[in-house]
Amino acid sequence: MNTITIRFWGITARLAGAEQRVLQLSAGARVADAVEHLRLDATLSGELPRCAYAVGDDMVGLDHPLADGDELSVLPPVSGG
């Protein structure tokens, strides 16, 4: 099992009701597996398809592998001037 810290930013933190969560995922899990787990939360599920994801300081795709201790950031789209 891998322990992954999920960090929520912007509207996703408000919807999640927290700035972070800790997930236990099986070895070999990818970002897509973590996102699928997060979709079980009805308040987040509608926002997740619009989000970008980062592991550490690197933007990653849904197929990126996750390792024990990784921090996955959920980055909602932003707008402004």
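Predicted model: local features only at pLDDT ≥ 70, side-chain atom pairs only at ≥ 80, totals over all residues.
Residue numbers start from 1 along each chain as its sequence is written, and side-chain values use heavy atoms, leaving out hydrogens and water. Local features need pLDDT of at least 70 and side-chain atom pairs count only at pLDDT 80 or more, while totals for chains, interfaces and linings use all residues.

**View 1. Strand S5 and its partners.** Strands here are DSSP runs of E with at least two residues, helices are runs of H or I with at least four, and both are numbered from the N terminus. Two strands pair if DSSP finds at least two bridges between them. S5 (residues 71-75) runs parallel to S1 (residues 2-8) over 4 bridges, and Leu72 is the bridge partner of Ile6. With S3 (residues 52-55), S5 pairs in the antiparallel sense, again over 4 bridges; look for Ala52 opposite Leu75.

**View 2. Leucine 72 and its contacts.** Contact means heavy atoms within 4.5 Å. Beyond its neighbours within four places in sequence, Leu72 is in contact with residues including Ile4, Ile6, Val31, Ala34, Tyr53 and Val55.

**View 3. Asparagine 2 in strand S1.** Asn2 lies in S1 and counts as buried because its relative accessibility is 11% (buried is under 20% relative accessible area, exposed over 50%, partly exposed in between, with a 1.4 Å probe and protein chains only). Its side chain reaches the backbone oxygen of Leu66 at 3.5 Å. Not counting residues up to four places away in sequence, Asn2 also touches Leu23, Gly28 and Asp68, among others.

Conventions: Polar contact = N/O pair within 3.5 Å; in protein donor to acceptor, adjacent residues only side chain to side chain.
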